[in-house]
Amino acid sequence: MKQFGLIGYPLAHSFSEKYFKDKFRKEKITDCDYRLFPLKYINQLPELIDENPSLYGLNVTVPYKELVISHLDEMDEVAKAVGAVNCIKITRKHHGKKLIGYNTDVIGFEDSLKPNLKSWHQHAIIFGTGGSAKAVAYVLKKLGISYTYVSRNPGNSDTIGYPDLTKPLIRKYLLIINTTPLGMFPQTQTFPQFPYEQLGERHLLFDLIYNPEQTLFLQKGKKQGTAIKNGLEMLYLQAEKSLEIWKK
C-alpha cells in the first residue's frame with residue numbers, strides 16, 4: 001500500500017487526513033492511505049522517510065514550507081520561484097530515493113481567489129511573510145496585483161508593521177489576505193490587529209485558515225460588509241494537485 005501524509009507542527013487543526021481518507025474511500029482507492037506526521041523538528045524528516053518505506057508523498061504545512069527545502073534533491077520551477085514547498089514527491093528506485101519539491105498552494109490559491117476578484121482589487125495586503133505568504137505573493141504578481149507584506153517584525157522595504165495600517169492605506173488596499181496562523185484552531189480568539197472599522201463593501205478578506213470556518217478576522221470583516229473567503233476550497237484544490245503529482 002502506498003502511504004502519503006502531512007508534516008508540520010502542530011497538526012491538530014488539519015483536515016487533510018480526513019479529506020484524503022474520504023476521497024480514497026469514495027473512489028474505492030484501496031491501495032493508498034494518508035496520515036499525519038507531526039514533526040517537532042524538520043531534521044526528523046530523513047528518519048521519517050527511512051522508517052516508512054511505503055511513503056511516496058508528503059504535504060508540508062507550517063512551519064516547514066521553507067525549512068524543508070534543504071532536505072530536497074530537486075524542486076520544480078514554480079517552487080523555486082516561490083521559495084517555498086508544500087508538496088514532496090518521493091521516488092524510490094534501486095534502494096535509493098529522491099525528494100522532489102513542488103508548490104501546490106499556488107494553484108490552490110489562484111483558482112480559489114480569482115472568482116472573487118473585482119476590477120477594483122488592484123492592491124493587496126498580505127499578513128505574514130512565511131512560505132504561504134510567498135505563494136500568495138507569486139499569484140498576485142502573476143495577476144498584476146501589487147502587494148505589501150505586513151509583519152510584526154518588518155525587516156525590508158516591501159514589509160510594513162501592523163501600526164502602519166493607516167486609514168488611507170486600508171482604503172487603497174482593498175484585498176487583504178491572512179497567511180498567519182492567527183485565529184486557527186485551537187487559538188480561535190486571536191486575529192490580526194488592525195482598524196477593522198475602516199473596512200467597507202469593496203474590500204475582500206481572504207483567510208488561508210479553514211478551521212474554524214470563519215475566523216475572527218473574517219467575522220470582523222463581515223460585520224463591516226466586506227466579502228470574505230476562507231481557505232477550505234484552496235485546501236481541496238491544492239490537495240487534488242498534490243495527488244496528481246504523486247501519481248505521475
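Throughout these legends, buried means under 20% relative accessible area, exposed means over 50%, and partly exposed lies in between (1.4 Å probe, protein chains only). The structure is a predicted model, in which local features need pLDDT of at least 70 and side-chain atom pairs count only at pLDDT 80 or more, while totals for chains, interfaces and linings use all residues. Residues are numbered from 1 along each chain as its sequence is written, and side-chain values use heavy atoms, with hydrogens and water left out.

View A. Helix α8 covers residues 232-246, 15 residues in number. Helices (H or I, at least four residues) and strands (E, at least two) are DSSP runs, numbered from the N terminus. From its first C-alpha to its last, α8 reaches 21 Å, close to the expected 21 Å at 1.5 Å a residue; the expected span is 1.5 Å times one less than the number of residues. The buried residues of α8 are M234, L235, Q238, A239, S242, L243, I245 and W246. They lie on the same side of α8 because they cover an arc of only 165° around the axis, the arc being that of the directions from the helix axis to the C-beta atoms. An α-helix has 3.6 residues a turn, so residues three or four places apart point the same way.

**View B. Salt bridge between E233 and K229.** The side chains of E233 and K229 meet at 2.9 Å, N to O. A salt bridge is a side-chain nitrogen of Lys or Arg within 4 Å of a carboxyl oxygen of Asp or Glu. K229 is buried, at 19% relative accessible area, whereas E233 is partly exposed, at 34%.

**View C. The network of K18, D22 and R25.** Salt bridges that share partners join K18, D22 and R25 into one network. In the bridge of D22 with R25, the closest N and O atoms are 2.8 Å apart. Both residues belong to helix α1 (residues 16-26), three residues apart, which is about one turn of the helix. D22 counts as buried, at 15% relative accessibility; R25 is exposed, with a relative accessible area of 54%.

**View D. Salt bridge between K97 and D50.** The closest N and O atoms of this pair are 3.0 Å apart. K97 lies in strand β6 (residues 96-102) and D50 in helix α2 (residues 45-51), so the bridge ties together parts that are 47 residues apart in sequence. K97 is partly exposed, with a relative accessible area of 41%. The whole structure holds 14 salt bridges.

**View E. Surroundings of N230.** N230 sits in the loop between β12 (227-229) and α8 and is buried, at 16% relative accessible area. A polar atom of the N230 side chain lies 2.9 Å from the backbone oxygen of E213, and a polar atom of that side chain is 3.1 Å from the backbone nitrogen of L232. Not counting residues up to four places away in sequence, N230 touches F206, D207, I209, E213 and L218, where contact means heavy atoms within 4.5 Å.

**View F. The cysteines C32 and C87.** The structure holds zero disulfides, a disulfide being a pair of cysteine sulfur atoms within 2.5 Å. For C32, the nearest cysteine sulfur is that of C87, 14 Å away. That distance is too far for a bond. C32 counts as buried at 15% relative accessibility, and C87 counts as buried at 0%.

Definitions and conventions
Polar contact = N/O pair within 3.5 Å; in protein donor to acceptor, adjacent residues only side chain to side chain.
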